[in-house]
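I opened this notebook page to record what I looked up in one structure. The entries follow the order in which I consulted it.

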Amino acid sequence: MRQLTFLFFIGILVFASSCRTDFETVASTGDLAFSKDTIYLDTVFTNIGSSTYTLKVFNKSKKDITIPSIKLGKGLNSKYRMTVDGMQGNQGKVFENVNLIAKDSMYIFIETTANIADANPTDFLYTDQILFDGGTNLQKVELVTLIQDAVFLYPKRFADGTTETLPIGDEEIYGFFLDANDPVNGNELVFTNQKPYVIYGYAAIPSGKTVTFDAGARVHFHTNSGLIVAANASINVNGATSTTEKMENEVIFEGDRLELGFSDVPGQWGTIWLTDGSTNHKFNHLTIKNATIGLLIQNNNGTTVSIKNTQIYDSANYGILAQTAKINGENLVINNAGLASLKCEYGGDYKFTHSTFNNNWPSSSQVAVSVNNYYVGAVPEVKNLTAATFNNCIIYGSYSNELILNKKVGATFEYQFNNCLIKFNNTSNQYSSHPEYQFNTDPAHYNAIIQNKDPKFFKIVQNKLNIDETSAAFAKGNATYLVPLDILGNTRTLPPDLGAYQSKPFPK
């Protein structure tokens, strides 16, 4: 019993000593070490907060030290803010007498929210320093942020504190109508390449109007934001071929987080929604990144949605979800989606030529292409699939079967695959008796199919689905379906390659 009592008191003493904060220290002598000598906080939009960045500070000496001050060079006026070892300091700008024990380290977390007016007018950089101590012991870590000006579009806030909403069925969503005569922004139905645009909420194109995106336009969507094209309204994306990797003439839709860590994160924003009855849509040289659904296309008034030279990457659900739609796609590339890169459901009329559909989503439930003629719960539940035609296309991915065709009786189901590379292993033979998957014995629906051969894309993770002459898709196309230029504007040779890209040697 005495032994247990003795151990109990020893435990209390150890616990008490471990919780002490009044240990003796000596003043810092300017010998701190840092994980970085410069913190680059990536590009941010004016007045939008950055991500949090980390600096690690090391005391490599054998003595516990006190750092007399840790502060921002611009003091309380700095647009940066910090937490130091969990402490807030004076407004996150100035910290005094910070202790750091021997052979230990601490974390400093840095953020910024700055205006374009705060930046250097020649290079739009906003800079500051973290100053450790002073005098002969002064040490510095540089802070650098690029501030980008933008046009901000968002719902109006009314005098009673409520905000503008859009009626969607029986519900109201956070959104607004674009205005051709807005008193601040001017014509909001024309997106130029002069400044990037940042959209909060859903921006709607009014009935009877057309929204136009000039070559080089950049549009960034905040969380739960997107575009809605109303009945009898249209969207016209006028991108053009670019000559550099900056994609200077491409129109780009993406999220509003510009840091590298967000470059391929799916589901950062909502969708481009072409609603039932919208009409005369044209997309050319458009890149859509990191949406929930890249394009949601519903019963587009019997007119054909033209999608050319378009790339859709890293969608949380679908790259394109088309419902009773009519689409003509050329040089279309869709890579990675949580459910399907391309899904055409509830019938419709579809034609895709020289297009690449790939899906390497880390789940066995995903596919590259899914086509059906029904919608559960709808009245009627089935609708005619008058055409689903794929010419000189690649349908591939990491799953065993990357093509799904689901037919229900009561409506037509017409499909045709000509000169396509299709991944469909049918490893368990569950589809052997299905008439929809007779790739080699059904000339009415399949011609010149290459099955389960690797297209050898350049870099799938980086959304580079280019091919070279070692690809199984090399020179396997049919000139009957030729689109003369590929997605990058290169002239196709004969016989053409499958997919959206003319083959070229990969860069070293």
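**Aromatic rings**

I began with the aromatic residues and found that Phe352, Phe357, Phe390, Phe413, Tyr415, Phe417, Phe424, Tyr437, Phe439 and Tyr446 form one aromatic cluster. The model is predicted, so to speak of local features I require pLDDT of at least 70, and side-chain atom pairs count only at pLDDT 80 or more, whereas totals for chains, interfaces and linings use all residues. Residues are numbered from 1 along each chain as its sequence is written, and side-chain values use heavy atoms, with hydrogens and water left out.

I noted 23 aromatic pairs in the structure. Rings of Phe, Tyr and Trp (for Trp, the six-membered ring) pair if their centres lie within 6.5 Å; planes under 30 degrees apart count as stacked, over 60 as edge-to-face and the rest as tilted.

Why is the pair of Phe221 and Trp269 called stacked? The ring centres of Phe221 and Trp269 are 4.3 Å apart and the planes are at 15°, so the pair is stacked. This pair joins distant parts of the chain, with Phe221 in strand S18 (residues 218-221) and Trp269 in strand S22 (residues 269-274), 48 residues apart. Strands are DSSP runs (E, at least two residues), numbered from the N terminus. I recorded both Phe221 and Trp269 as buried, that is, under 20% relative accessible area; exposed means over 50%, and partly exposed lies in between (1.4 Å probe, protein chains only).

I then turned to Phe390 and Phe417, whose ring centres are 4.9 Å apart with planes at 5°, so this pair is stacked. The pair also links distant parts of the chain: Phe390 lies in strand S31 (residues 385-391) and Phe417 in strand S34 (residues 416-418), 27 residues apart. Phe390 is buried at a relative accessible area of 1%, and Phe417 is buried at 0%.

**Lysines over rings**

I found the charged end of Lys408 over the ring of Tyr374, 4.6 Å from its centre. Lys423 lies over the face of Tyr396, at 5.1 Å from the ring centre. The criterion is NZ of Lys or CZ of Arg within 6 Å of the ring centre and within 35 degrees of the ring normal.

I located Ser28 in the loop between strand S1 (26-27) and strand S2 (33-34). Is Ser28 buried or exposed? Ser28 is buried, with a relative accessible area of 4%.

I placed Glu469 in the segment after strand S37 (450-451). Glu469 is exposed, with a relative accessible area of 60%.

Terms used:
Helices (H or I, at least four residues) and strands (E, at least two) are DSSP runs, numbered from the N terminus.
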